[in-house]
Amino acid sequence: MNSLEFSKDLIKFIDESPLNYFAVANAKNILIANGYKELKENEKWEIEDKGKYFVTRNDTALIVFTVGEDLTKGFDIIGSHTDSPTFKVKSNAEVSDSGYLKINIEPYGGMIYSTWTDRTLSLAGKVSYKKDGEIKSELVNIDKDLLTIPNAAIHMNREVNKGFELNPQNHLYPIIQTIEENFEKGYLKKLLAEEIGINADEILDFDLGLYDRQKGAIINNMYQIGRIDNLGSVHASLMALVDADASKNNVLVLNDNEEIGSRTPTGAFSPFLRDTLKRLCDNRGLDDEDFYIALANTYLISADQAHAIHPNFKEYHDPTNPIKMNEGLVIKTAANGAYSSNIASNARLIDLANSIGCKIQKFHNRNDKAGGSTIGPIASTGLGINSIDVGEPILAMHSIRELGGIEDHYDAYKIYKAFYETDL
(Lines give C-alpha, C1' and ligand atoms only; values in the text may rest on other atoms or scores of the structure.)
Protein backbone atom coordinates (compact mmCIF):
# COMPACT_ATOMS: atom_id res chain seq x y z
CA MET A 1 0.00 0.00 0.00
CA ASN A 2 1.32 3.46 -0.89
CA SER A 3 0.48 6.86 0.56
CA LEU A 4 -2.33 7.58 -1.94
CA GLU A 5 -4.01 4.22 -1.36
CA PHE A 6 -3.71 4.66 2.39
CA SER A 7 -5.40 8.07 2.25
CA LYS A 8 -8.17 6.61 0.10
CA ASP A 9 -8.66 3.96 2.80
CA LEU A 10 -8.85 6.75 5.40
CA ILE A 11 -11.50 8.56 3.35
CA LYS A 12 -13.52 5.34 3.14
CA PHE A 13 -13.23 4.86 6.92
CA ILE A 14 -14.36 8.43 7.65
CA ASP A 15 -17.17 8.38 5.08
CA GLU A 16 -18.47 5.25 6.81
CA SER A 17 -18.12 6.86 10.27
CA PRO A 18 -20.49 9.85 10.38
CA LEU A 19 -20.52 9.87 14.19
CA ASN A 20 -18.43 8.42 17.04
CA TYR A 21 -20.64 5.32 17.29
CA PHE A 22 -19.80 4.33 13.74
CA ALA A 23 -16.07 4.94 14.20
CA VAL A 24 -16.07 2.41 17.04
CA ALA A 25 -18.30 -0.06 15.15
CA ASN A 26 -16.04 0.08 12.10
CA ALA A 27 -12.93 -0.28 14.27
CA LYS A 28 -14.47 -3.37 15.88
CA ASN A 29 -15.09 -4.94 12.47
CA ILE A 30 -11.45 -4.36 11.49
CA LEU A 31 -10.23 -5.86 14.76
CA ILE A 32 -12.43 -8.93 14.50
CA ALA A 33 -11.30 -9.49 10.91
CA ASN A 34 -7.72 -9.47 12.23
CA GLY A 35 -8.29 -12.05 14.96
CA TYR A 36 -9.01 -9.85 17.98
CA LYS A 37 -11.52 -11.14 20.52
CA GLU A 38 -14.10 -8.93 22.23
CA LEU A 39 -14.27 -8.80 26.02
CA LYS A 40 -17.21 -7.42 28.03
CA GLU A 41 -16.76 -5.18 31.06
CA ASN A 42 -19.61 -6.95 32.87
CA GLU A 43 -18.24 -10.46 32.32
CA LYS A 44 -15.24 -12.47 33.56
CA TRP A 45 -12.15 -12.16 31.37
CA GLU A 46 -10.16 -15.17 30.18
CA ILE A 47 -6.83 -13.85 28.92
CA GLU A 48 -4.42 -16.13 27.07
CA ASP A 49 -0.71 -15.76 26.41
CA LYS A 50 -0.09 -13.77 23.22
CA GLY A 51 -3.80 -13.05 23.02
CA LYS A 52 -5.37 -10.09 21.17
CA TYR A 53 -8.42 -8.45 22.75
CA PHE A 54 -10.61 -5.36 22.80
CA VAL A 55 -13.29 -3.92 25.06
CA THR A 56 -15.77 -1.13 24.38
CA ARG A 57 -17.75 1.26 26.57
CA ASN A 58 -21.09 2.83 25.62
CA ASP A 59 -20.35 2.06 21.94
CA THR A 60 -18.21 5.22 21.65
CA ALA A 61 -14.91 4.29 23.35
CA LEU A 62 -12.65 1.31 22.75
CA ILE A 63 -9.44 -0.15 24.19
CA VAL A 64 -7.42 -2.78 22.35
CA PHE A 65 -4.48 -4.72 23.79
CA THR A 66 -2.10 -7.51 22.92
CA VAL A 67 -0.57 -9.66 25.66
CA GLY A 68 3.20 -10.07 25.74
CA GLU A 69 5.30 -12.38 27.89
CA ASP A 70 5.98 -9.94 30.75
CA LEU A 71 3.45 -7.23 31.55
CA THR A 72 5.84 -5.54 33.98
CA LYS A 73 7.84 -4.37 30.96
CA GLY A 74 5.01 -1.89 30.52
CA PHE A 75 2.57 -0.97 27.78
CA ASP A 76 3.22 0.88 24.53
CA ILE A 77 0.04 2.89 24.04
CA ILE A 78 -1.36 5.10 21.29
CA GLY A 79 -4.41 7.12 22.27
CA SER A 80 -6.80 9.23 20.19
CA HIS A 81 -10.48 10.15 20.24
CA THR A 82 -13.57 9.18 18.25
CA ASP A 83 -15.61 12.38 18.50
CA SER A 84 -15.56 15.49 16.32
CA PRO A 85 -17.44 18.79 16.46
CA THR A 86 -21.02 18.58 15.23
CA PHE A 87 -24.54 19.65 16.10
CA LYS A 88 -26.58 17.37 18.37
CA VAL A 89 -30.36 17.12 18.09
CA LYS A 90 -32.23 18.32 21.19
CA SER A 91 -35.29 16.68 22.75
CA ASN A 92 -38.66 17.79 21.35
CA ALA A 93 -36.64 18.98 18.39
CA GLU A 94 -39.29 19.66 15.74
CA VAL A 95 -40.13 23.30 15.14
CA SER A 96 -42.83 24.54 12.75
CA ASP A 97 -41.85 28.04 11.66
CA SER A 98 -43.02 30.19 8.73
CA GLY A 99 -43.97 27.20 6.61
CA TYR A 100 -40.81 25.19 7.32
CA LEU A 101 -40.07 22.17 9.47
CA LYS A 102 -36.89 22.92 11.45
CA ILE A 103 -34.88 20.84 13.92
CA ASN A 104 -33.66 22.29 17.22
CA ILE A 105 -29.98 21.54 17.75
CA GLU A 106 -27.07 22.45 20.04
CA PRO A 107 -23.35 22.67 19.25
CA TYR A 108 -21.09 19.80 20.30
CA GLY A 109 -17.48 20.95 20.54
CA GLY A 110 -16.00 24.05 18.97
CA MET A 111 -16.74 24.18 15.27
CA ILE A 112 -16.53 26.84 12.57
CA TYR A 113 -20.25 27.57 12.29
CA SER A 114 -20.18 29.15 8.85
CA THR A 115 -18.82 25.99 7.22
CA TRP A 116 -22.01 24.14 8.15
CA THR A 117 -24.27 26.48 6.19
CA ASP A 118 -25.61 25.87 2.67
CA ARG A 119 -24.53 22.23 2.70
CA THR A 120 -26.48 19.01 2.28
CA LEU A 121 -26.63 17.31 5.68
CA SER A 122 -28.11 14.27 7.35
CA LEU A 123 -28.40 12.60 10.77
CA ALA A 124 -26.69 9.62 12.37
CA GLY A 125 -26.45 8.22 15.88
CA LYS A 126 -27.99 5.75 18.28
CA VAL A 127 -31.62 4.99 19.12
CA SER A 128 -32.92 3.12 22.16
CA TYR A 129 -36.33 1.45 22.04
CA LYS A 130 -38.45 -1.20 23.72
CA LYS A 131 -39.45 -4.22 21.70
CA ASP A 132 -41.11 -7.39 22.98
CA GLY A 133 -40.59 -6.28 26.58
CA GLU A 134 -36.84 -5.71 26.14
CA ILE A 135 -34.89 -2.43 25.92
CA LYS A 136 -32.66 -2.48 22.86
CA SER A 137 -30.51 -0.05 20.93
CA GLU A 138 -29.40 0.32 17.33
CA LEU A 139 -27.13 2.58 15.32
CA VAL A 140 -28.90 4.66 12.71
CA ASN A 141 -27.53 6.51 9.70
CA ILE A 142 -30.17 8.33 7.65
CA ASP A 143 -28.35 7.69 4.39
CA LYS A 144 -30.03 10.33 2.29
CA ASP A 145 -30.00 14.08 1.72
CA LEU A 146 -32.18 15.18 4.63
CA LEU A 147 -31.65 18.76 5.76
CA THR A 148 -29.69 21.99 5.34
CA ILE A 149 -28.83 25.23 7.16
CA PRO A 150 -29.34 28.04 4.62
CA ASN A 151 -27.67 31.42 4.91
CA ALA A 152 -29.58 34.66 4.75
CA ALA A 153 -29.20 36.37 1.38
CA ILE A 154 -26.56 39.09 1.20
CA HIS A 155 -29.36 41.48 0.21
CA MET A 156 -30.89 40.89 3.65
CA ASN A 157 -27.60 40.79 5.59
CA ARG A 158 -25.11 43.24 4.11
CA GLU A 159 -22.73 42.58 7.04
CA VAL A 160 -22.27 38.88 6.28
CA ASN A 161 -18.76 39.43 4.85
CA LYS A 162 -17.75 41.89 7.55
CA GLY A 163 -17.48 39.65 10.57
CA PHE A 164 -21.17 38.86 11.07
CA GLU A 165 -21.65 36.50 14.03
CA LEU A 166 -23.82 33.42 13.55
CA ASN A 167 -25.78 32.88 16.76
CA PRO A 168 -26.34 29.12 17.26
CA GLN A 169 -29.66 29.73 19.02
CA ASN A 170 -31.11 32.05 16.39
CA HIS A 171 -29.45 31.33 13.05
CA LEU A 172 -28.49 27.65 12.84
CA TYR A 173 -31.70 25.64 12.81
CA PRO A 174 -31.50 22.99 10.08
CA ILE A 175 -34.48 23.00 7.71
CA ILE A 176 -35.99 19.68 6.60
CA GLN A 177 -38.85 20.69 4.31
CA THR A 178 -41.69 23.08 3.71
CA ILE A 179 -44.92 22.20 5.51
CA GLU A 180 -48.57 23.15 5.71
CA GLU A 181 -49.98 24.92 8.76
CA ASN A 182 -51.72 21.76 10.01
CA PHE A 183 -48.48 19.72 10.01
CA GLU A 184 -48.37 17.30 12.97
CA LYS A 185 -45.18 16.68 14.94
CA GLY A 186 -43.61 13.23 14.95
CA TYR A 187 -41.65 13.39 11.69
CA LEU A 188 -38.30 12.58 13.30
CA LYS A 189 -39.51 9.60 15.31
CA LYS A 190 -41.30 8.19 12.27
CA LEU A 191 -38.13 8.58 10.24
CA LEU A 192 -36.06 6.74 12.86
CA ALA A 193 -38.68 4.03 13.28
CA GLU A 194 -38.69 3.35 9.55
CA GLU A 195 -34.90 2.99 9.55
CA ILE A 196 -34.98 0.45 12.39
CA GLY A 197 -38.20 -1.31 11.39
CA ILE A 198 -40.18 -0.59 14.56
CA ASN A 199 -43.17 1.51 15.57
CA ALA A 200 -42.50 5.14 16.43
CA ASP A 201 -44.10 4.79 19.86
CA GLU A 202 -41.54 2.11 20.78
CA ILE A 203 -38.66 4.64 20.70
CA LEU A 204 -37.43 5.60 24.16
CA ASP A 205 -34.58 7.99 23.38
CA PHE A 206 -31.98 8.93 20.78
CA ASP A 207 -28.55 10.53 20.43
CA LEU A 208 -28.26 12.06 16.96
CA GLY A 209 -25.70 14.32 15.32
CA LEU A 210 -25.52 16.11 11.98
CA TYR A 211 -22.98 15.20 9.32
CA ASP A 212 -21.95 16.41 5.88
CA ARG A 213 -23.21 14.36 2.94
CA GLN A 214 -20.35 15.28 0.62
CA LYS A 215 -17.83 12.47 0.27
CA GLY A 216 -14.12 12.92 0.88
CA ALA A 217 -11.85 13.89 -1.99
CA ILE A 218 -8.23 13.69 -3.10
CA ILE A 219 -6.83 17.07 -4.18
CA ASN A 220 -3.44 16.28 -5.76
CA ASN A 221 -1.20 15.37 -2.78
CA MET A 222 -3.81 16.41 -0.20
CA TYR A 223 -7.11 14.95 0.98
CA GLN A 224 -10.21 16.83 2.12
CA ILE A 225 -12.97 15.47 4.32
CA GLY A 226 -14.61 16.13 7.66
CA ARG A 227 -13.59 14.62 11.00
CA ILE A 228 -9.88 14.28 10.19
CA ASP A 229 -9.65 15.58 13.76
CA ASN A 230 -9.52 12.97 15.04
CA LEU A 231 -10.52 10.00 12.89
CA GLY A 232 -7.26 10.50 11.00
CA SER A 233 -5.38 9.47 14.13
CA VAL A 234 -7.86 6.67 14.83
CA HIS A 235 -7.32 5.22 11.36
CA ALA A 236 -3.51 5.52 11.33
CA SER A 237 -3.06 4.00 14.80
CA LEU A 238 -5.66 1.26 14.32
CA MET A 239 -4.16 0.09 11.05
CA ALA A 240 -0.67 0.30 12.55
CA LEU A 241 -1.72 -1.97 15.40
CA VAL A 242 -3.36 -4.66 13.27
CA ASP A 243 -0.51 -4.60 10.72
CA ALA A 244 2.31 -4.65 13.29
CA ASP A 245 4.43 -7.80 13.55
CA ALA A 246 4.79 -7.76 17.31
CA SER A 247 4.38 -9.94 20.39
CA LYS A 248 4.72 -7.31 23.13
CA ASN A 249 2.24 -5.38 25.27
CA ASN A 250 0.65 -2.99 22.79
CA VAL A 251 -2.44 -0.91 23.57
CA LEU A 252 -4.73 1.27 21.48
CA VAL A 253 -7.08 3.67 23.28
CA LEU A 254 -9.97 5.39 21.51
CA ASN A 255 -11.59 7.76 23.99
CA ASP A 256 -14.76 9.74 23.40
CA ASN A 257 -15.77 13.31 24.31
CA GLU A 258 -12.33 14.93 23.94
CA GLU A 259 -13.98 17.84 22.13
CA ILE A 260 -16.05 18.69 25.22
CA GLY A 261 -13.47 18.20 27.96
CA SER A 262 -13.21 14.39 28.39
CA ARG A 263 -15.16 14.38 31.69
CA THR A 264 -17.47 11.47 30.87
CA PRO A 265 -17.42 7.68 31.49
CA THR A 266 -15.86 7.26 28.04
CA GLY A 267 -13.53 10.27 28.18
CA ALA A 268 -9.86 10.39 29.10
CA PHE A 269 -10.67 11.57 32.64
CA SER A 270 -12.58 8.33 33.27
CA PRO A 271 -10.85 5.28 34.81
CA PHE A 272 -11.47 3.25 31.64
CA LEU A 273 -7.80 2.93 30.67
CA ARG A 274 -6.48 2.44 34.20
CA ASP A 275 -9.15 -0.13 35.02
CA THR A 276 -8.51 -2.05 31.81
CA LEU A 277 -4.76 -2.23 32.40
CA LYS A 278 -5.23 -3.14 36.07
CA ARG A 279 -7.76 -5.82 35.19
CA LEU A 280 -5.37 -7.28 32.62
CA CYS A 281 -2.55 -7.38 35.18
CA ASP A 282 -4.80 -8.93 37.82
CA ASN A 283 -5.96 -11.55 35.33
CA ARG A 284 -2.35 -12.54 34.60
CA GLY A 285 -1.54 -12.94 38.30
CA LEU A 286 0.36 -9.69 38.89
CA ASP A 287 0.09 -7.94 42.24
CA ASP A 288 -0.28 -4.19 42.89
CA GLU A 289 3.45 -3.55 42.94
CA ASP A 290 3.83 -5.32 39.58
CA PHE A 291 1.10 -3.06 38.20
CA TYR A 292 2.93 0.09 39.32
CA ILE A 293 6.15 -1.24 37.80
CA ALA A 294 4.27 -1.79 34.54
CA LEU A 295 3.00 1.80 34.60
CA ALA A 296 6.50 3.11 35.27
CA ASN A 297 7.63 1.32 32.09
CA THR A 298 4.68 2.54 30.01
CA TYR A 299 4.84 5.06 27.16
CA LEU A 300 1.86 6.85 25.62
CA ILE A 301 1.62 8.52 22.22
CA SER A 302 -1.31 10.92 22.34
CA ALA A 303 -2.23 11.14 18.66
CA ASP A 304 -4.33 14.17 17.78
CA GLN A 305 -3.99 16.53 14.84
CA ALA A 306 -1.72 19.55 14.54
CA HIS A 307 -1.96 22.94 12.83
CA ALA A 308 -0.10 23.35 9.54
CA ILE A 309 0.96 26.86 8.64
CA HIS A 310 -1.77 28.55 6.60
CA PRO A 311 -0.42 30.45 3.57
CA ASN A 312 -3.24 32.99 3.82
CA PHE A 313 -2.98 33.46 7.60
CA LYS A 314 0.73 33.18 8.35
CA GLU A 315 0.36 35.69 11.17
CA TYR A 316 -1.38 33.02 13.29
CA HIS A 317 1.73 30.85 13.52
CA ASP A 318 4.94 30.81 15.56
CA PRO A 319 7.65 32.59 13.54
CA THR A 320 10.46 30.05 14.05
CA ASN A 321 8.44 26.82 13.96
CA PRO A 322 6.35 26.83 10.76
CA ILE A 323 4.64 23.45 10.38
CA LYS A 324 4.39 22.34 6.76
CA MET A 325 1.94 19.87 5.30
CA ASN A 326 3.48 16.70 3.83
CA GLU A 327 6.69 17.38 5.76
CA GLY A 328 6.22 14.88 8.57
CA LEU A 329 4.52 14.06 11.86
CA VAL A 330 4.43 16.88 14.41
CA ILE A 331 5.49 16.82 18.06
CA LYS A 332 3.34 19.34 19.94
CA THR A 333 4.88 21.22 22.86
CA ALA A 334 3.45 23.86 25.21
CA ALA A 335 5.12 25.43 28.22
CA ASN A 336 1.70 25.70 29.91
CA GLY A 337 1.28 21.90 29.94
CA ALA A 338 -1.50 21.78 27.35
CA TYR A 339 0.52 19.04 25.64
CA SER A 340 2.30 16.19 27.43
CA SER A 341 5.46 16.20 25.28
CA ASN A 342 8.65 16.68 27.28
CA ILE A 343 12.35 16.01 27.04
CA ALA A 344 11.86 12.62 28.71
CA SER A 345 9.42 11.46 26.05
CA ASN A 346 10.50 13.22 22.86
CA ALA A 347 13.79 11.41 22.34
CA ARG A 348 12.25 7.98 21.84
CA LEU A 349 9.90 9.09 19.09
CA ILE A 350 12.49 11.24 17.32
CA ASP A 351 14.97 8.37 17.35
CA LEU A 352 12.30 5.95 16.10
CA ALA A 353 11.31 8.26 13.23
CA ASN A 354 14.96 8.76 12.29
CA SER A 355 15.52 5.02 12.21
CA ILE A 356 12.83 4.49 9.55
CA GLY A 357 13.56 7.62 7.53
CA CYS A 358 10.52 9.66 8.55
CA LYS A 359 10.61 13.39 9.23
CA ILE A 360 9.56 15.01 12.50
CA GLN A 361 8.41 18.62 13.00
CA LYS A 362 7.87 20.54 16.25
CA PHE A 363 4.87 22.76 16.92
CA HIS A 364 4.59 25.64 19.39
CA ASN A 365 1.70 28.07 19.65
CA ARG A 366 2.28 31.78 19.22
CA ASN A 367 2.57 33.37 22.65
CA ASP A 368 -0.61 35.37 22.04
CA LYS A 369 -2.68 32.39 20.86
CA ALA A 370 -4.37 29.95 23.22
CA GLY A 371 -4.11 26.52 21.65
CA GLY A 372 -6.19 23.48 22.45
CA SER A 373 -5.27 20.42 24.47
CA THR A 374 -5.56 16.64 24.07
CA ILE A 375 -6.04 13.44 26.02
CA GLY A 376 -2.25 13.28 26.53
CA PRO A 377 -1.96 15.47 29.65
CA ILE A 378 -5.07 13.85 31.12
CA ALA A 379 -3.92 10.25 30.65
CA SER A 380 -0.31 10.91 31.63
CA THR A 381 -1.36 12.78 34.78
CA GLY A 382 -3.96 10.21 35.79
CA LEU A 383 -1.62 7.25 35.34
CA GLY A 384 1.73 8.93 35.98
CA ILE A 385 3.12 7.62 32.68
CA ASN A 386 5.56 9.02 30.16
CA SER A 387 3.69 10.65 27.29
CA ILE A 388 4.14 12.63 24.08
CA ASP A 389 1.63 14.59 21.99
CA VAL A 390 1.87 14.26 18.22
CA GLY A 391 -0.36 14.89 15.22
CA GLU A 392 -0.58 15.17 11.47
CA PRO A 393 -0.52 18.79 10.23
CA ILE A 394 -3.87 19.88 8.79
CA LEU A 395 -5.68 23.06 7.74
CA ALA A 396 -9.21 24.19 8.62
CA MET A 397 -9.32 22.22 11.88
CA HIS A 398 -12.91 21.99 13.19
CA SER A 399 -14.37 23.05 9.85
CA ILE A 400 -17.01 20.78 8.38
CA ARG A 401 -14.26 19.82 5.86
CA GLU A 402 -10.62 19.73 6.91
CA LEU A 403 -7.51 19.38 4.73
CA GLY A 404 -4.61 16.99 5.28
CA GLY A 405 -1.50 15.79 3.50
CA ILE A 406 -1.33 12.33 1.92
CA GLU A 407 2.31 11.81 2.86
CA ASP A 408 1.76 12.90 6.47
CA HIS A 409 -0.98 10.35 7.02
CA TYR A 410 1.16 7.54 5.65
CA ASP A 411 4.18 8.70 7.69
CA ALA A 412 2.04 8.67 10.85
CA TYR A 413 1.04 5.08 10.09
CA LYS A 414 4.66 4.04 9.49
CA ILE A 415 5.84 5.64 12.74
CA TYR A 416 2.99 4.13 14.76
CA LYS A 417 3.59 0.69 13.23
CA ALA A 418 7.31 0.88 14.03
CA PHE A 419 6.41 1.97 17.58
CA TYR A 420 4.24 -1.10 18.04
CA GLU A 421 6.96 -3.35 16.61
CA THR A 422 9.95 -1.93 18.53
CA ASP A 423 10.86 -2.53 22.16
CA LEU A 424 12.25 0.40 24.15
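Strand S10 (203-212) gives the largest share of the lining of the largest cavity, three residues. Helices (H or I, at least four residues) and strands (E, at least two) are DSSP runs numbered from the N terminus. The structure is a predicted model, in which local features need pLDDT of at least 70 and side-chain atom pairs count only at pLDDT 80 or more, while totals for chains, interfaces and linings use all residues. Residues are numbered from 1 along each chain as its sequence is written, and side-chain values use heavy atoms, with hydrogens and water left out.

The structure holds one cavity of 30 Å³ or more, and the space in the largest cavity comes to about 210 Å³. Its lining counts 24 residues, of which Ser84, Pro85, Thr86, Trp116 and Arg227 are the closest to the centre. Besides S10, strand S5 (86-97) and helix H4 (228-243) each give two or more residues to this lining. By class, 10 lining residues are nonpolar, eight polar and six charged; here Ala, Val, Leu, Ile, Met, Phe, Trp, Tyr, Cys and Pro count as nonpolar, Asp, Glu, Lys and Arg as charged, and the others, Gly among them, as polar. On a 1 Å grid over the protein atoms alone, a cavity is a set of points where a 1.4 Å probe fits but cannot get out, and a pocket is an open set with protein on both sides within 12 Å along at least five of seven lines; lining residues have an atom within 4 Å of a point. Grid points are joined across faces, edges and corners, and a volume is the space filled by probe spheres set on the points.

Turning to the open spaces, the largest pocket has a volume of about 820 Å³. Among its 37 lining residues, those closest to the centre are His307, Asn365, Gly371, Gly372 and Met397. Strands S15 (306-307) and S19 (393-395) each supply at least two lining residues, and the lining as a whole has 14 nonpolar, 15 polar and eight charged residues.

S15 and S19 also belong to an open sheet of five strands with mixed pairing, in the order S11-S12-S20-S19-S15. Strand S11 (217-219) and S15 stand at the edges with a single partner strand each, so one side of each has no neighbour in the sheet. Within this sheet, S12 (residues 222-225) and S20 (residues 402-405) pair in the antiparallel sense over four bridges, with Gly404 of S20 as the bridge partner of Tyr223. Strands pair if DSSP finds at least two bridges between them.

Buried means under 20% relative accessible area (1.4 Å probe, protein chains only), exposed over 50%, and partly exposed in between. Asn250, Leu252 and Leu254 lie on one side of S13, and Val251, Val253 and Asn255 on the other.
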